[in-house]
Number of protein chains: 2
Amino acid sequence: MRLTRAGEYGIRCVLHLARHGRGTLVSRKEIAARTDVPAHFLAKIAQQLARAGIIEIMQGANGGYRLLADPSEISLLSVIEAVIGEISLNDCVTRPGSCHNSATCAIHRVWGKANRELRDTLRGTNFAAMAAEESCCLTSFPETGAGRRDDSDEARP
Amino acid sequence: MRLTRAGEYGIRCVLHLARHGRGTLVSRKEIAARTDVPAHFLAKIAQQLARAGIIEIMQGANGGYRLLADPSEISLLSVIEAVIGEISLNDCVTRPGSCHNSATCAIHRVWGKANRELRDTLRGTNFAAMAAEESCCLTSFPETGAGRRDDSDEARP
DNA sequence: CGATATAAGACTAAAAATATCTTATATATC
DNA sequence: GATATATAAGATATTTTTAGTCTTATATCG
Ligand code: SF4
Ligand code: SF4
């Protein structure tokens, strides 16, 4: 009944990009450092965000990630579900077949309602407002992570 | 982001008891068979429900479980949280200290709101209505579980 | 007492989450 | 084109959580 770490990281990544605005390229390294996410883990999450059409990944020197849409058009729900899949408070909500009983189950309907409400709330939240907040999440993370200084993929000579 | 199996089992157990009414003693064996829950697992869950004051456990021959309160006074939320602990959609909701940043985080507030809504919905659902439903969950489980015939703790002579 | 229940917690197995490592590929710059 | 720097992609490893089982102890009825 909780968000996974990957989901939380995905949100941080998009929020950081949203603060730079749509289309601005930001390196994975910077995002990882500023949002306190392991760089390699971020790579994986970014791939899922890219597949969902939320960000674009630029390879090569001076590569990085950029937002494809305007922050106001990106909902919290779409980011979360891009990373962890469709939200489902109980198995039978998204897979009614998992319980032979779901067709007539009173509890099933309660879960369905709660699930709908939750998704609607998250769908109703976009990144424009959050990015604009004076004290946003990500400004509080240190610019150069003390314990996470060197996340480069390359070995030093 | 999903209910654990233990939570689901706890709900089934209470619902089954609710259908018998407050104070009626039902054996663990019967509950386990009718709700399709492993008997030993149910024992563990029942202990948590007992600690939360929802059911009472009677030991000895002809023992079993009984509801302490009227089904109308037992909310879905109380049963779930008795089994899986307080609902928390994200770590920082129940443990703000887990992220040094929660005090000023815009996303944090969204999670707080969503979490409150979810808990309110579950709090607003009690077992009286669900137990009264014509085709309740538990009637659909076979009376004698085909693959779960013998859940006795005792070895046969 | 003896049969039949659950208590309590140790133990095991399976699954999922989290993170890392390795090899490959793309791009800018020289 | 060569080189340095970036991400891609997926295999692998570690840790944590979930799910279930097993064993020994205790309570109650008849
Ligand atoms: S018993 Fe009802 S709530 Fe539980 S899994 Fe089956 S359909 Fe869902
Ligand atoms: S960054 Fe915000 S939402 Fe994420 S864990 Fe920290 S306080 Fe919670």
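Modeller: Contact here means heavy atoms within 4.5 Å. This is a predicted model: local features need pLDDT of at least 70, side-chain atom pairs count only at pLDDT 80 or more, and totals for chains, interfaces and linings use all residues. Residues are numbered from 1 along each chain as its sequence is written.

Biologist: How many residues does the contact take from chain A and from chain B?

Modeller: 40 residues from chain A and 40 residues from chain B. Of the interface residues of chain A, 100% are also interface residues in chain B, so the copies meet through the same surface.

Biologist: What rotation superposes chain A on chain B?

Modeller: One of 180°, with 0.0 Å of shift along its axis and an RMSD of 0.0 Å. The two copies are thus related as by a two-fold rotation axis.

Biologist: Which C-alpha in chain A is nearest the axis?

Modeller: That of Met1(A), 2.0 Å from the axis.

Biologist: New topic. How much do chain A and chain B bury between them?

Modeller: About 3500 Å², 64% of it on carbon and sulfur atoms. That is the accessible area (1.4 Å probe) lost on putting the two parts together, summed over both.

Biologist: And how many salt bridges between chain A and chain B?

Modeller: The count is 0. The rule wants a side-chain nitrogen of Lys or Arg within 4 Å of a carboxyl oxygen of Asp or Glu.

Notes. Chains lettered and ligands numbered in written order. Heavy atoms only, no water. Least-squares fit on C-alpha atoms with pLDDT ≥ 70 in both.
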